[in-house]
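Please keep the sequence and the structure at hand while reading.

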Number of protein chains: 2
Amino acid sequence: MNAIPSALLRETAELSGSVTRPIPGSRKVHVEGSRADLRVPMREIALADTPSMFGAEKNAPFTVYDTSGPYTDPAYRVDLAAGLPALRARWIAERGDSEPLADFSSPFTRRHANAPSLAEVRFPAIPKPRAAKSGMNVSQMHYARRGIVTPEMEFVAIRENQRIEAIREAHLLRQHAGQSFGASIQKLITPEFVREEVARGRAIIPNNINHPESEPMIIGRNFLVKINANIGNSAVTSSIAEEVEKMVWAIRWGADTVMDLSTGRHIHETREWILRNSPVPIGTVPIYQALEKVGGVAEDLTWELFRDTLVEQAEQGVDYFTIHAGVRLPFVPLTARRVTGIVSRGGSIMAKWCLAHHRESFLYERFEEICEIMKAYDVAFSLGDGLRPGSIADANDAAQFAELDTLGELTQAAWKHDVQVMIEGPGHVPMHLVKENMERQLEKCGEAPFYTLGPLTTDIAPGYDHITSAIGAAMIGWYGTAMLCYVTPKEHLGLPDKQDVRDGIITYKLAAHAADLAKGHPGAQARDNALSKARFEFRWDDQFNLGLDPEKAKEFHDETLPKEAHKSAHFCSMCGPKFCSMKITQDVRDYAKEHGVGDEQALAEGMAEKAAEFRAQGGEVYRPG
Amino acid sequence: MNAIPSALLRETAELSGSVTRPIPGSRKVHVEGSRADLRVPMREIALADTPSMFGAEKNAPFTVYDTSGPYTDPAYRVDLAAGLPALRARWIAERGDSEPLADFSSPFTRRHANAPSLAEVRFPAIPKPRAAKSGMNVSQMHYARRGIVTPEMEFVAIRENQRIEAIREAHLLRQHAGQSFGASIQKLITPEFVREEVARGRAIIPNNINHPESEPMIIGRNFLVKINANIGNSAVTSSIAEEVEKMVWAIRWGADTVMDLSTGRHIHETREWILRNSPVPIGTVPIYQALEKVGGVAEDLTWELFRDTLVEQAEQGVDYFTIHAGVRLPFVPLTARRVTGIVSRGGSIMAKWCLAHHRESFLYERFEEICEIMKAYDVAFSLGDGLRPGSIADANDAAQFAELDTLGELTQAAWKHDVQVMIEGPGHVPMHLVKENMERQLEKCGEAPFYTLGPLTTDIAPGYDHITSAIGAAMIGWYGTAMLCYVTPKEHLGLPDKQDVRDGIITYKLAAHAADLAKGHPGAQARDNALSKARFEFRWDDQFNLGLDPEKAKEFHDETLPKEAHKSAHFCSMCGPKFCSMKITQDVRDYAKEHGVGDEQALAEGMAEKAAEFRAQGGEVYRPG
């Protein structure tokens, strides 16, 4: 059983079947790299044969990128209390530049590790933390800049290719040339290319040495567009079990990273359970927990408390920190005339602190010291967009761009330490102002990866903001944004539930894929081609299983045409059998074939003679079954 | 009671409360024009006062465009069996260029009017049809080209302005300059401007003289982007009562026109009920009914049967016909190598006919005769995109563009008759190929309005195609498309139910509005501004009511924070009271105000002295209640 100790919770504790049931039509596969312990997970979708009326051919299984970790592998026995296998532990140890610590560095962590009142919520098998040896730097950027191709880089290269190098069928390989606005899209990703991109800061591989369970992934303009899903409790709702379940649920549907934005109870313990069980990178916003520690009084925050929080979280294994070091004292008044002021939680906390102390942000002033912490564990920066616009009216204003300029400055500072950096952005931006954001970010931030929330392209649809923002997200992904932070239907209204998380993720996966297509990412169109071919051939289950949400597609289809016989039906309830254009199209194609397929000239010439013949045959070419 | 005669149906007959309940916070208002019988419906949303902590001001009611007809007006007594008031009847009669006919012109109609077996399903009060007097032309384009500003044109001008000329508040009027790619966006719409646009064919006002119940609306690049929703039964599902209910439901949520795409039983009778009760233009695809009349055998279609179907439908009052006159014999082989062939029902029917007869399409060859029918009733052409791409692979191919070129040729032919024309398009198109579609259509079709399905920007998300297509629709609307045909979550999978119709419509409303914003349509941003201000001030009900779907927004909010007290809560369940950035922002703003609001320089200078003061006061400015 997938049990969290029952003492932990008041409600049902196990991972539910809904998050672990196998993905329909798929099986987990692994592609091996240059060493036996480097096995890259993917998902293989089995396809039925093309029916004889369409040409009777076999369809090879189709491989797709997979973020779901071992949870959807029926061969894997889930034990949340033990955590996932430490996949990268040997790679980390081999490098010889880090060491296990005798104890946790943070006093807060040590208190929590020993407090009897927390026994119920504590993860049972907390590993000893590691840190860089004195004077060493364990970031992937540091290795990359020294010409080293790490196992993580090789892993990522294999993962990004999605085995397209093995595709033979012409119909899958056809693809429109893209428009990537000057990106460096590769035909095939090599480990060396990964190293180059990480070395120049144009991509990051977020993986803390204390999160060895993570399956490496890359965030960068010249790679597949990624998405992030947010989980986390608030003072008003949710429990640890729910948060772990949400994480497993989120990666099932395709979240490439997950941010734990908890602001309620047991933030530290919740995060431990999530990290130990997460195959994807985990991000946090450390200022939230810091604020919790001072009872919610922003003015009482101090650098020392914040610093300790960074170390506490880094030693647990957080892979990236959102840090609002661009919310600077002189920028705060620039928000005075905004319609929606400062909508970022972290940004408004820091704004409040700056005003109260009449001092420059300690995040900005102490940035160098933060870098020293980051490099000791390989935590990446997600430089926060605390002054992002929260309404259409506020888009692209002076406050927003002043912060972006500072983030550019801080990017260079971080790179001096070989600390990995990505830049956060948008918010609410109308379509015609989206491109300017991308261009400015590329110019000011040295092409560090851009990681945007949406943007929402209008304010007028609360309840549908996953959609208002999918529009902006797809566009900004096309223009070069590397990762898109999802938005759920509950945006502006409340905390999302599981259904909302699913809706948000699928929405953002499709937006990211639309961007990959528009950029001309090699092999991106193969999945569209495979699905459309299945659709045309009435291979219904294949159409569902190739989609981003096979269960929903099947459920929707079955609402009006459920009988099993209809699964091979050459129509659906939309039009019924007489009107189905797919069926008629096939008749047209059969006719063309009988009279010289592919040769349009011969077809035109031959048609006069053949028309009478065709009618005499009865015209109808449909063969039941 | 809103009763369809009970003999008609096996299931519940009345319009349900769900389609007629008043829209929260709104009341129907009418703006009078130059004559007493010209009253333009709109909707006015009442807003609460801004709370004192934010400045204590009154917020004038906010006016929005309204397509819901009288159904949401509690003062109106719905009687589906009587139909709506014939709003335009006097305007039509006054023109003196049309006359009532002694009987219906179509033999099919006459048979149906008298058949005893259809008594149960027949609309009880079928009006006598009208037609142009001999030699006359009753199209709005004809009047426009003769310099006449009709009541319809004046109605439309008032409607498009949405009373923005009455807005005084600066915060509502602030708006980003748009990017309209050379459109002629006006500051305010005048009846004369409407006349000009209709005269040059750049806009259409679809309203058949036999549909006097319709509230005039305009479709054109220089007007608000419109959306269409599809209803209609198929052989496999749905009833007349359901279709009428779907129409009322669709317009409630914002459909500007509705297409009745029925292919099942009682197509004629269903359409009559819909037309007599629809305040929005109704479109059809006459070839569907024509095919039904020949038992589904495409080869048995004839021009004569089709012609009769056009007359039958025109005399009922259909406002626009989708006619696939661009699916020409030589183009059919161009689809042979497509992944998804011909996905348009109408297109594949005509393709089949052409091949079977080895003849050019009768729609193309008889186009002049079709124009003669259209001009006698003022039915507009929606020149069909029978060869639109049904998969990403097929986007922008030779078949698609060959048809578009022909539609351009046919546009000119129709305009010789002063027949109104719009052009159908896209389908499945990746983002980077969308613009080319718009540019080509503008060039080839003389700037006739473009009316696109989506486009879907990827194939891989069945179950979510309202979203894959919202991305393309918003973009192509921005580029100049005048009307967007909605897509529901059921696309490719089955017939949509009421929930799907709502999801599809709200999705397309937000996409159309995102396009209006990007184009810089005057006043478009006022609603975003009003909503965001309400959001910032925690006027929760106002935020919901200003949104496109007030009921859903409220429902989502109440899922996690339902208590009435929380309606004025200065937080929501997302972050809880301590972390709410809106609240913190207001604290920041209050501080700035105390120390010289709006004067950023003075603020900066004064801050040093004031900081100590602020802390001494306790820092917290929140006042409960």
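This is a predicted model: local features need pLDDT of at least 70, side-chain atom pairs count only at pLDDT 80 or more; totals for chains, interfaces and linings use all residues.

**Helix H11 of chain B**

- Helix H11 of chain B, residues 303–316, has 14 residues and reaches 20 Å from its first C-alpha to its last, which is close to the 20 Å expected at 1.5 Å a residue.
- Eleven of the 14 residues of H11(B) are buried, so this helix is largely enclosed by the rest of the structure; among the buried residues are Trp303(B), Phe306(B), Asp308(B), Glu312(B) and Glu315(B).
- After H11(B) comes Gly317(B), which has a positive phi, near 125 degrees.

**Helices H15 and H16 of chain A**

- The axes of H15(A), residues 398–416, and H16(A), residues 434–444, come within 9 Å and cross at roughly 30 degrees; because angles under 35 degrees count as roughly parallel, the two helices are roughly parallel to each other.
- The crossing of H15(A) and H16(A) is right-handed, with Gln400(A), Phe401(A), Leu404(A), Asp405(A) and Gly408(A) of H15(A) and Glu436(A), Asn437(A), Arg440(A), Gln441(A) and Lys444(A) of H16(A) making the contact.
- By class, the contact of H15(A) with H16(A) has two nonpolar, four polar and four charged residues.

**Helices H8 and H9 of chain B**

- The axes of H8(B), residues 240–253, and H9(B), residues 267–276, come within 9 Å and cross at roughly 35 degrees, and this crossing of H8(B) and H9(B) is right-handed.
- In the contact, Ile240(B), Glu243(B), Val244(B) and Met247(B) of H8(B) meet Glu269(B), Thr270(B), Trp273(B) and Ile274(B) of H9(B), and these residues divide into five nonpolar, one polar and two charged.

Technical notes. Residues are numbered from 1 along each chain as its sequence is written. Chains are lettered from A and ligands numbered from 1 in the order in which they are written. Side-chain values use heavy atoms; hydrogens and water are left out. Helices (H or I, at least four residues) and strands (E, at least two) are DSSP runs, numbered from the N terminus. The expected span of a helix is 1.5 Å times one less than its number of residues. Buried means under 20% relative accessible area, exposed over 50%, partly exposed in between (1.4 Å probe, protein chains only). Axes are lines fitted to C-alpha atoms, for helices over the stretch in contact, and angles run from 0 to 180 degrees between N-to-C directions. Angles under 35 degrees count as roughly parallel, over 145 as roughly antiparallel, 65 to 115 as roughly perpendicular and the rest as oblique. A crossing is left-handed if the near helix is turned anticlockwise from the far one by less than a right angle, and right-handed if clockwise. Contact means heavy atoms within 4.5 Å. Ala, Val, Leu, Ile, Met, Phe, Trp, Tyr, Cys and Pro count as nonpolar, Asp, Glu, Lys and Arg as charged, and the others, Gly among them, as polar.
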